[in-house]
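Trainee: I would like to go through some of the labels in this picture and ask what stands behind each one. Where do we start?

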Amino acid sequence: MENKKNVDTAFLGQPRGLSTLFFTEMWERFSYYGMRAILLFYMYYAVSKGGLGFDQGTAASIMSIYGSLVYMSSVVGGWLSDRVWGSRRTVFIGGVFIMFGHIALSVPFGAPALFVSIALIVIGTGLLKPNVSEMVGGLYSSTDKRRDAGFSMFVFGINLGAAVAPWAVPFAANGFGFHAFGNEMNFHVGFSLAAIGMFLGLIQYYFGGKKYLSKESLYPQDPIEKENMRPIIIWTTVGVVALLVIIALLGVTGNLNVSNIIWIITIIAIALPIFYFVMMLSSKKVTKIEHSRVWAYVPLFIAAAIFWAIEESGSVVLALFAANRTVLHIGGWHFAAANFQTLNPLFIMILTPFFVWLWSNWRNQPSAPGKFSVGLMFAGASYLFMALPGIINGTAGRVSPWWLIGSWFIVEIAEMLISPIGLSVTTKLAPKAFQSQMMSMWFLADAAGQAVNAQIVKFYSANTEVSYFLIIGLVSVAFGILLLFLVKPIHRLMDGVD
């Protein structure tokens, strides 16, 4: 039993360290979602309008593979924290990388600055994102009943930053409402605001961390022994050399281009989870019961990848629909296409209290596979809903913004059924010898979904709009129905896990 007199309640009844992590993640999400809100437009807008003049399909593909890389890098970030640097140092290093990534975008150096920025932000987000959440858990003892409430507040901070950014950053890029840049957008001013956001997050994290975060967070939980570093260095070197050889061969044969690089990353994003599954299923460290549970996770992983392919399209396909096919005003209220990116975090904040209440009070609620099944159907329905304006009105003109708002609302219901449930079931189904790797699998589901997206978004245009939404929506609904029939077999394979 904890001594109540010694319990830290300085931040709204929670430990003071929570405020440090709350604002760190809030500013990081502000910078990331602010950048993401305008990046697609920056890539495909004509140079005369302040953009890079990329082909629209290429820009959409880059956006998707960017998201995939972010989640793949999270696997490395978690390992470096646990084995080398400790979570506090890893988060700070990640924040510095992110800040310099936004700074690279804020200078007018064209495509080279874009690709440097992507590399820096991918590395930085991979280091920061998985480890901030782990540090929140470290603020509480195993008997502290405030843990769930603390995580709820932390998640609110994430979504607060993500909701504000799609308004603030485009507003800055548009001249702070004064149209100071003529007909073109000054995207670099918007990216500068994202860099400032991350800088503010780093400042308060550095000084707040010294005062309010535990000293244990400065050290790795499972420090790697020197003798174990050799094989890791060797295999990492082999991987890097192999990648460089492939790139060199593409260059020599005249095939080194953005499209082929995206194909390489797509193949890696799909191969990585396959490798992890084979490794766990063939390992002698995995017991018979754990072996069964890993097999149960396979269809859930595929379902999650399909869901994330649709959900993450908000910054790509739905962003293009917002810019090219949507009336950008409701009555006398005018807004930018980038502002729609606020709908994702906004609906999460609105729906979360309801679903927390639902799961707390529904006695005979569906199992995790059942929730995944319904979630996939909702995700598919959000795309089927988006096919309706094209079917009803054709694809030549602009349609009401309520179509996008409705679609986002539907897909966020799907997220409530899949994302938190997926996190929970991943930890429950993990073999003891592969707990960290299993958590990485959840990130890799998102990475795989977005990597597939990077290939299919190239086919989206006004001419293909209806068929694009119908085909992907129907695939998601069909897999959801198939999963519904597999609920009982999957539940049996889960062997006692609910």
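Mentor: With axes: these are lines fitted to C-alpha atoms, for helices over the stretch in contact, and angles run from 0 to 180 degrees between N-to-C directions. The structure is a predicted model, in which local features need pLDDT of at least 70, side-chain atom pairs count only at pLDDT 80 or more, and totals for chains, interfaces and linings use all residues. Residues are numbered from 1 along each chain as its sequence is written, and side-chain values use heavy atoms, with hydrogens and water left out.

Trainee: Why are H9 and H13 called roughly antiparallel?

Mentor: Helices (H or I, at least four residues) are DSSP runs, numbered from the N terminus. H9 and H13 pack at an angle of about 150°, and their axes are 10 Å apart. Angles under 35 degrees count as roughly parallel, over 145 as roughly antiparallel, 65 to 115 as roughly perpendicular and the rest as oblique. The pair H9 and H13 is therefore roughly antiparallel.

Trainee: What is the hand of the crossing where H9 passes H13?

Mentor: Left-handed. The term applies if the near helix is turned anticlockwise from the far one by less than a right angle, and right-handed if clockwise. Among the residues that meet there are Tyr297, Phe307 and Trp308 in H9 and Ile418, Val425 and Leu429 in H13. To meet is to be in contact, with heavy atoms within 4.5 Å.

Trainee: How do H1 and H4 lie relative to each other, and what shows it?

Mentor: Their axes cross at roughly 150° and come within 11 Å, H1 being residues 16-44. The angle is over the cut-off, and H1 and H4 are therefore roughly antiparallel. Their crossing is left-handed. Residues including Tyr32, Leu39 and Met43 in H1 meet residues including Leu114, Ile121 and Met135 in H4.

Trainee: Why is Ser315 called buried?

Mentor: Buried means under 20% relative accessible area, exposed over 50%, partly exposed in between (1.4 Å probe, protein chains only). Ser315 has 4% relative accessibility, so it counts as buried. Ser315 sits in the loop between H9 (288-311) and H10 (317-325). Leaving aside neighbours within four places in sequence, Ser315 touches Arg36, Leu40, Met63 and Gln341.

Trainee: How do you know which class Lys458 belongs to?

Mentor: Its relative accessible area is 31%, so Lys458 is partly exposed. Lys458 lies in the loop between H14 (435-456) and H15 (465-485). Beyond residues up to four places away in sequence, Lys458 is in contact with Gly57, Ser61, Ser259 and Trp263. Lys458 and Val317 are 141 residues apart in sequence, and 9.8 Å apart in space from C-alpha to C-alpha.

Trainee: What makes H10 mostly covered?

Mentor: Eight of the nine residues of H10 are buried, among them Val317, Phe321 and Arg325. The buried residues of H10 pack against H1, H2, H12 (368-393), H13 (402-429) and H15.

Trainee: How many residues does each domain bring to the contact?

Mentor: Domain 1 brings 29 residues and domain 2 brings 29 residues. The centres of domain 1 and domain 2, taken over C-alpha atoms, are 22 Å apart.

Technical notes. Domain bounds come from an automatic or database domain assignment. Helices (H or I, at least four residues) and strands (E, at least two) are DSSP runs, numbered from the N terminus.
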